[in-house]
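Please read the following account alongside the sequence and the coordinates, chain by chain and then across the places where the chains meet.

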Amino acid sequence: MTSSRLRAALITAVTWVLVLMFFFPVAWMVFTAFKPEHQAATMPPTFAPDLTLDQFDAVFARDMLPYLINSLSASLGSTLLVLVLAVPAAYALSIRPVANVRDALFFFISTRFMPVAASIIPVYLLLQSVGGLDNITWLTILYVGVNLPIAVWMMRSFLAEVPREVIEAAQLDGARLGTEIFRVVLPIVLPGVAAAGLICFIFAWNEFFLANLLTAQVARPTPPFLTSFVDGRGQFLAVLSAAATVAIVPVVLAGWIAQKQLVRGLAMGAIK
Amino acid sequence: MTVLMTTPTRRRPARAVPTGQQSRRRRVAVSRALLWPALATSIVLTQIPFVLTIYYSLQRWNMLRPGDRGFTGLDNYVSVLRDGSFLSSLGATVAVTGTSVVASTLLGMLFAVLLDRSFVGRGVARTLMITPFLVMPAAAALVWKWSILDAATGMANWGLGLVGLPPVAWNTELPMLTIILVLTWQYTPFAMLILLAGLQAQDRDVLEAAAVDGAGALRTFGSITLPHLRQYVEIAVLLASIMLLQVFDPIAIMTRGTGGTKTLSYLLYERAFVGLEVGEAAAYGVMTVLVTIVVASVALRTLFKVFSTEGIDR
Amino acid sequence: MMLTRTARRQAAPAGLAAAALALALTACAGAGGGGDGGSAGQGGGPVELTLATVNNPQMKDMEELKSAFEEEHPDITVNFIQMEENDLRDAVTKDVATDGGQYDIVTVGSYEVPIWAQNGWLTDLTGDLGSDADYDVDDLFEPVKDALTVDDSLYAVPFYGESSMLMYNKELLDAAGVTMPEHPTWQEVADIAREVDSDDVDGICLRGKPGWGEVFAPLTTVVNTFGGSWYDAEWNAQVDQPEFAEAVQFYVDLVEDAGEADPVSTGFTECLNNVSQGRSAMWVDATVAAGLLEDPESSQVAGKMGYAHAPVVETEESGWLWSWNLAIPETTQNRDAAVEFVKWATSKEYHQLVGTELGWSRVPPGARNSTYEIPEYEEAAASFAPITRDIMLAVNPEQPGVAPQSWTGIQYVTIPEFQDLGNQVSQDLADVFAGRSELAPVLERAQDLAQEAGDAQK
């Protein structure tokens, strides 16, 4: 009895050590953000720095707020658009009978396989020719293209769980399509919509490639702004850590709070 | 555009709820109307650029020499095939993606099992554990590069020093490993979440029955849990692969394509925006898409097999 | 500009599919033609300038002081976009090459200016600057200005200029009992580096980071002084010649024996950190580094450093010549305001402003003769200002190596393909630094790439 309890305690200890190791880079980054610059990159590391908020002041003095706002509008905007498009499509694919579901699904998911980089040249030149570079609306639209397949796929899985009897009952009652979707189906899959939305939001918030290439100033979101803290000619680790900390807070908090949705979304709800 | 969209739907009539011809036809129309906006958006945003990529790949066009531009046939493809960068980048992509996916899945399995047990502070441990997946990849790459793996002041070398090991020049000696480390760090929580969902979906009665029958924990795991988890593993591997095949951020930020880390995404970026070779870059893009289509078909067949029990074609 | 931007934004959300289709059609009709016509923002009303710049301290100082300019010009605001050197090059090149029009003012190196000017991407500033006597365009450093001039027209103004030199920690060298001559040879420097090198201190720090502007800045000067070159006068690639290989091998060996631990991640910043914390005894790099090493706030070696001309083998000098310049892309819609700002940031008054507001050692060096006549600057920069000026006037960008060349430039080749060429070769070179690859096959591939670029030049 004692030996098995000892073993359990041991496994718990190992678990905690491993988890803390995984969490360490994040913790260290946040810690570094509160250091003065000359104590940030030292060997041996400075464990008892003169804690300061200077770096956060510096980050906002460098005007980080507009970048965060850009990120927020591109992420929220694209997520909403994606959901508006994906939910009906997934509904058609899973509940309403559409022939060749497989073809449509295959098409959606296959677009996600293609490296965005493969068609970046035409995208860049097209945007440039309509004056769409450095424009948050166009970036948002492109994020819709990137996230739509994942959302369709996820929503289809969630909708497939809705008991058919419920819908058929509604149909027999003569419910119109709108009623059918909004009154009957949507409430059942609302957690799924939240999950898909969360995942799309995370991906959009964290996207770097398109953001970096297609924006300059007005529409520049946070990820490419972060790399500008790498200083060609001096110390920068503390202020970079502060900027990175600010940049990850919204998504990390959202993920922490909505853990259940995250699990549902990633496991795609379907596999039961 | 319209042709493209309706063809696949028209080929076979739907097997719908048998409520008469009229109603069935209407239902199909409604379904199409629901599907149409998403399909059209996807086509416009992904297929049209690709068609244009093909067009550019037949052009001789270096942006730094604006005067000298024209149709050049398959020349770009010839120089792409002769150069060897494509194959080595394909290899780099497979190596980086493959290793990271396998490592993430194995570690994810370990953490899923550990965090499925009940112990003090499990909720907090899970919360901390999912964090790396939420961290912005650009931020992750920057922090790993400058704070953890810096040869002179990084925490990794400090840790090695504590246990008496010599410092490592990570970026020079082990560039591929630095990328794999960061990717594995970010995607282990991802795999863990999926596998944890799998563990939680297990039938507790079966497990208890096995315990009553006297099967050891390891044997139960091997003969009951693992087979049950198979489809979750497949999903985790497939989704992680889709995302990691595109990996760009850590390479651009940490290694800049040195030491066998020049993945296809980075190669495409470099040809297009450093070399400014529009034609050549487009040819690389077309080749990449062709390869991806092959890979995607194989991967998707697997995926559909995973879902076949659930009845995709009902 | 505000007006333009708003207009552009409203064009977008007009029906997703329709807009995208229209976009596709426009593109098929001739993508890359560019130019969205409208030139609002030029006359009257508030103007917003977008300036893309490298994130060096001198540029950060400029951003800090921009409010002085904005107070003088209440209708102009200036937005700074700071980027790392490599990112800046990629972003700005892409933008001007495609008529992207995202920037009103760009920071460009002396390598890009003549190439871009010839492509018609930069506006000619000769008239704007020459007509203003107070600006005193003739005060600009002659060799620097020459590099920015194409057919007697000036296309960019130097914000600061630099050469390269040898910087050494006198304490560490004294402790090892060696003295540094004022004009050392590479062999002497290598010997000293190996002598001084220990477990705690690197003998020397040399860049190894991929990028033509990173490792190949110092490395090309080494190649030059070893008697090698990228091209001969007829654009035949010379990378397969023994002098080229000898120089690169020398450089790699020196780093391996007595250099920093992680060469592939080592650029200017990393060396600066190493030297300023006393972890490296010597360093061959940009002259502007001296100002940073002598800053007691960030450097532990202030007052302990000695400076010498860049080491040589077969040439008299081997310092490079570089300037970061402000230029105005043709695509700007705010040329007048942009010119105002460029003039302000490169004026004598700006130097006074930096001196009084931020300290005299932070005055941008190497751009104006008059800088070296400011008494406060002479005093603050006594240990490195004279040698910086001497080297900058001594180097020869027309023929930095042993053989004549057909371009102007020391540590780079002034052809469009060079940045791609240098990048690719330096990536392969990373494998040589790491011992994963021999030098010979790397240079073989480099020769092919170089010849391809050279052929385009013939």
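Chain B is divided into domain 1 (49-83 + 277-314) and domain 2 (86-265), with bounds that come from an automatic or database domain assignment. The centres of domain 1 of chain B and domain 2 of chain B, taken over C-alpha atoms, are separated by 29 Å. Between them, 9 residues of domain 1 of chain B are in contact with 8 residues of domain 2 of chain B, two residues being in contact if their C-beta atoms, placed from the backbone, lie within 7 Å. On the side of domain 1 of chain B that touches domain 2 of chain B, the most is given by helix H14 (residues 278-308) of chain B, with 8 residues; helices here are DSSP runs of H or I with at least four residues, strands are runs of E with at least two, and both are numbered from the N terminus. By class this side has 7 nonpolar, 2 polar and no charged residues, where Ala, Val, Leu, Ile, Met, Phe, Trp, Tyr, Cys and Pro count as nonpolar, Asp, Glu, Lys and Arg as charged, and the others, Gly among them, as polar.

The model is a predicted one, in which local features need pLDDT of at least 70 and side-chain atom pairs count only at pLDDT 80 or more, while totals for chains, interfaces and linings use all residues. Residues are numbered from 1 along each chain as its sequence is written, and chains are lettered from A and ligands numbered from 1 in the order in which they are written.

For chain C the domain assignment gives domain 1 (46-162 + 322-379) and domain 2 (164-320 + 397-457), and 27 Å separate their centres, taken over C-alpha atoms. Here 13 residues of domain 1 of chain C are in contact with 16 residues of domain 2 of chain C, and H4(C) gives the most to the domain 1 side, with 3 residues. That side divides into 8 nonpolar, 2 polar and 3 charged residues.

Chain C also holds an open sheet of 3 strands in the order S8-S7-S9, with antiparallel pairing, two strands being paired if DSSP finds at least two bridges between them. Its edge strands, each pairing on one side only, are strand S8 (282-286) and strand S9 (305-309) of chain C. Strand S7 (residues 164-169) of chain C is joined to S9(C) by 5 bridges, and the two run antiparallel; C:Met167 stands opposite C:Tyr307 in S9(C).

Chain A, by contrast in topic, is described by its helices: it has 12 helices and 0 strands. Its radius of gyration, taken over C-alpha atoms, is 23 Å, whereas a compact globule of 272 residues would have one near 19 Å, by the rule of 2.2 Å times the number of residues to the power 0.38. The C-alpha atoms of chain A fill a box of roughly 75 × 70 × 30 Å along the principal axes.

From chain A, 87 residues are in contact with 91 residues of chain B, and helix H1 (residues 2-33) of chain A gives the most to the chain A side, with 12 residues. This side of chain A divides into 67 nonpolar, 14 polar and 6 charged residues. Between chain B and chain C, 26 residues of chain B are in contact with 31 residues of chain C, and the largest share of the chain B side, 6 residues, comes from H2(B).
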